[in-house]
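Subject: Structure handover and notes

Hello,

Please find the structure below, followed by notes on what was found in it.

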Amino acid sequence: MIEARHLRVLRAVASTGSFSAAGRELGCTQPAVSQQMKALESSVGTPLLVRTGREMRLTQAGEALVRHAAGIIAGLTAAEEEVAAIAGLRAGRVRLVSFPSGSSTLVPTALAALRAAHPGTRVFLEEAEPPKSVELLREGDCDVALAFRYEGAAGAEEWDDLVVRPLLTDRLVALVPEGHRLARTAGAVAIGELARESWIAGCPRCRGQLVEVCEGAGFSPRIDFATDDYPAVVGLVGAGLGVAVLPQLAVESVRPRGVRTVTLEPAVRREIVALTLPDLAQVPAVSATLDELARAGTRQPAAR
């Protein structure tokens with residue numbers, strides 16, 4: 001294997017014509033230059049220099065190696081500078097995947113702070129709900145994934161192989177029309193109070209947690225409208241067409257007009273986290289992104 005330090009010595013010997021002059025140029029001793037040249041010739045398996053008295057002459061192999069050495073050393077220097085820039089957060093790239101309500105609340109605050117502190121770091125955002133976002137992380141298609149899981153939910157995904165940065169705990173709240181009988185309730189309301197209501201809920205895959213909570217309270221929700229679009233949910237509730245349950249963070253991501261939020265008992269919470277792989281957690285740009293997401297989490301009303 002050819003080492004870059006040996007190539008630098010070879011170039012110095014070729015340009016100066018002697019080991020002693022090369023040593024002076026490189027700031028080392030003549031024996032050190034001789035030793036490194038022997039190591040290089042051993043690596044390539046052929047002589048690189050012909051020694052005639054005090055004069056040094058390149059062999060054909062030596063000439064070929066010197067000719068390539070300039071490009072190799074220049075490439076290594078460029079690589080070293082680029083890596084140093086990334087390590088020093090003067091450059092870098094982070095691929096972030098987030099679920100929609102995180103994209104509109106946590107992510108903007110975090111990325112604005114990251115750009116202000118490290119303008120050379122670029123972040124690319126895509127949207128995906130867990131478990132898809134976690135799959136993208138494990139498959140190498142992103143560097144950081146925002147995800148969530150509900151406390152005590154059956155079959156909750158395990159993240160033991162990942163670095164987990166907690167961001168906040170998000171509580172589910174009920175949305176009811178302004179004129180609803182429970183709209184002015186000061187305290188918490190049992191979800192069973194909504195058993196006879198018409199419901200707006202997500203698609204069959206996304207409504208699993210709601211159905212599980214309702215069944216735990218002794219009823220199955222009558223779902224008349226299905227949509228995963230949070231503004232649509234708020235609009236339908238505001239029009240008096242039913243009630244809904246959303247995470248507080250999702251409510252923060254829209255302007256809830258014509259609706260009231262009602263605290264539910266028993267409390268249903270989801271843990272919101274940022275995930276990355278153990279090796280990626282050591283990358284400065286990824287680490288800085290995780291830090292800013294954690295700070296953004298503490299500033300969300302849902303975290304209070």
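L275 is buried, with a relative accessible area of 0%. Buried means under 20% relative accessible area, exposed means over 50%, and partly exposed is in between (1.4 Å probe, protein chains only). L275 belongs to strand β12; helices (H or I, at least four residues) and strands (E, at least two) are DSSP runs, numbered from the N terminus. Leaving aside neighbours within four places in sequence, L275 has contacts (heavy atoms within 4.5 Å) that include V134, L137, W159 and L162. The C-alpha atoms of L275 and R95 are separated by 12 Å, while the two residues are 180 residues apart along the chain.

Two remarks on the source. This is a predicted model, in which local features need pLDDT of at least 70 and side-chain atom pairs count only at pLDDT 80 or more, while totals for chains, interfaces and linings use all residues. Residues are numbered from 1 along each chain as its sequence is written, and side-chain values use heavy atoms, with hydrogens and water left out.

Next, the charged pairs. Side chains of opposite charge can pair when their charged atoms come close. A salt bridge here is a side-chain nitrogen of Lys or Arg within 4 Å of a carboxyl oxygen of Asp or Glu. The whole structure has 11 salt bridges. Among them are these:

- R149 pairs with E271, with the closest N and O atoms 3.3 Å apart. R149 is in strand β5 and E271 in strand β12, so the pair ties together parts that are 122 residues apart in sequence. R149 is partly exposed at 24% relative accessible area, and E271 is partly exposed at 25%.
- D291 pairs with R165, with the closest N and O atoms 3.1 Å apart. D291 is in helix α11 (residues 284-298) and R165 in strand β6 (residues 163-177), so this pair ties together parts 126 residues apart in sequence. D291 is partly exposed at 27%, and R165 is partly exposed at 26%.
- R270 and D170 meet in a salt bridge of 3.0 Å, N to O. R270 is in strand β12 and D170 in strand β6, 100 residues apart. Both R270 and D170 are buried.
- R181, E193 and E197 are linked in a network of salt bridges.

Leaving aside neighbours within four places in sequence, R207 is in contact with A201, G202, I223 and A226.

There are also some backbone details to look at. The peptide bond from P130 to P131 is cis, with omega near 10°, and P131 is in the loop between β4 (121-127) and α7. The peptide bond from E265 to P266 is cis as well, with omega near 0°; P266 is in the loop between β11 (259-265) and β12 (269-276). L89 has a phi near 60°, a positive value in a residue other than glycine. L89 lies in the loop between α4 (60-87) and β3 (92-98) and counts as buried at 15% relative accessibility.

Last, E139 is exposed, with a relative accessible area of 53%. E139 is in the loop between α7 (132-138) and β5 (144-150).

Regards
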